[in-house]
Amino acid sequence: ILLGRSLRSDEPGASSASIEAVREQVDGVADIMRDNMHQMLERDEALSSLAKKSEATARSAGAFHVRARGARRGMQLDVCKTNAILAALVLLALFLLTWWFDFLGGGDP
């Protein structure tokens, strides 16, 4: 069918020029379809690559989270150790000061 008319060889309007025009249109449509298929394959490859990169990023993020949690716990432990040492030093200083003043005072009530 070309522009609403059927092309049969027994009709007077069916010339080789109109058949050639239809063939050119069919070839043009086939070329467009091939280009579309090629673009779809390229898009599929790009999406597959993106999915692989996304999975790798998710794995890296998980590993980073584990390492960050360990580092945070290590820092909290260091802070607790520092606080314990400072508290021990303050208690030692108070004990020494108390002992020193008792020693200087001679122990008189």
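Visitor: Where does Ser 18 lie in this structure?

Guide: Ser 18 belongs to helix α1, which covers residues 16-105. Keep in mind that this is a predicted model.

Visitor: How many helices and strands does the chain have?

Guide: There is one helix, and there are zero strands.

Visitor: Is Ser 18 buried or exposed?

Guide: The idea is to look at relative accessible area: a residue under 20% counts as buried. Ser 18 has a relative accessibility of 12%, so this residue counts as buried.

Visitor: And what share of the chain counts as buried?

Guide: Of the 109 residues, 3% do. As for the surface, the chain exposes about 9,800 Å², and 65% of that is supplied by carbon and sulfur atoms.

Visitor: Which backbone oxygen does the side chain of Ser 18 reach?

Guide: That of Ser 15, at 2.9 Å.

Visitor: Let's turn to charged side chains. How many salt bridges are there?

Guide: To read one, look for a side-chain nitrogen of Lys or Arg within 4 Å of a carboxyl oxygen of Asp or Glu. Here the count is one salt bridge. Arg 34 forms this contact with Asp 31, and their closest N and O atoms are 2.5 Å apart.

Visitor: Where do Arg 34 and Asp 31 lie?

Guide: Both are in helix α1, three residues apart, which is about one turn of the helix.

Visitor: Is Arg 34 buried or exposed?

Guide: Arg 34 counts as exposed, because its relative accessibility is 52% and the exposed class begins over 50%.

Visitor: Now for the rings. What describes a pair of aromatic rings?

Guide: Two things do: the distance of the centres and the angle of the planes. In this chain the count comes to two aromatic pairs. In one of them, the rings of Trp 99 and Phe 103 have centres 5.7 Å apart and planes at 15°, so this pair is stacked. The cut-off behind that word is an angle under 30 degrees. Trp 99 and Phe 103 both sit in helix α1, four residues apart, or about one turn of the helix.

Visitor: What is the arrangement of Trp 100 and Phe 103?

Guide: Trp 100 and Phe 103 form a tilted aromatic pair, with 6.2 Å from centre to centre and 40° between the planes. These two residues are three apart in helix α1, so about one helical turn separates them.

Visitor: Which residues form the aromatic cluster?

Guide: Trp 99, Trp 100 and Phe 103 form one cluster.

Note on methods:
Residues numbered from 1 in each chain as written. Predicted model: local features only at pLDDT ≥ 70, side-chain atom pairs only at ≥ 80, totals over all residues. Heavy atoms only, no water. Buried < 20%, exposed > 50% of the residue type's maximum accessible area, 1.4 Å probe, protein only. Polar contact = N/O pair within 3.5 Å; in protein donor to acceptor, adjacent residues only side chain to side chain. Phe/Tyr/Trp six-rings, centres within 6.5 Å; stacked < 30°, edge-to-face > 60°. Areas by Shrake-Rupley, 256 points an atom, 1.4 Å probe, with all protein chains shown as cover.
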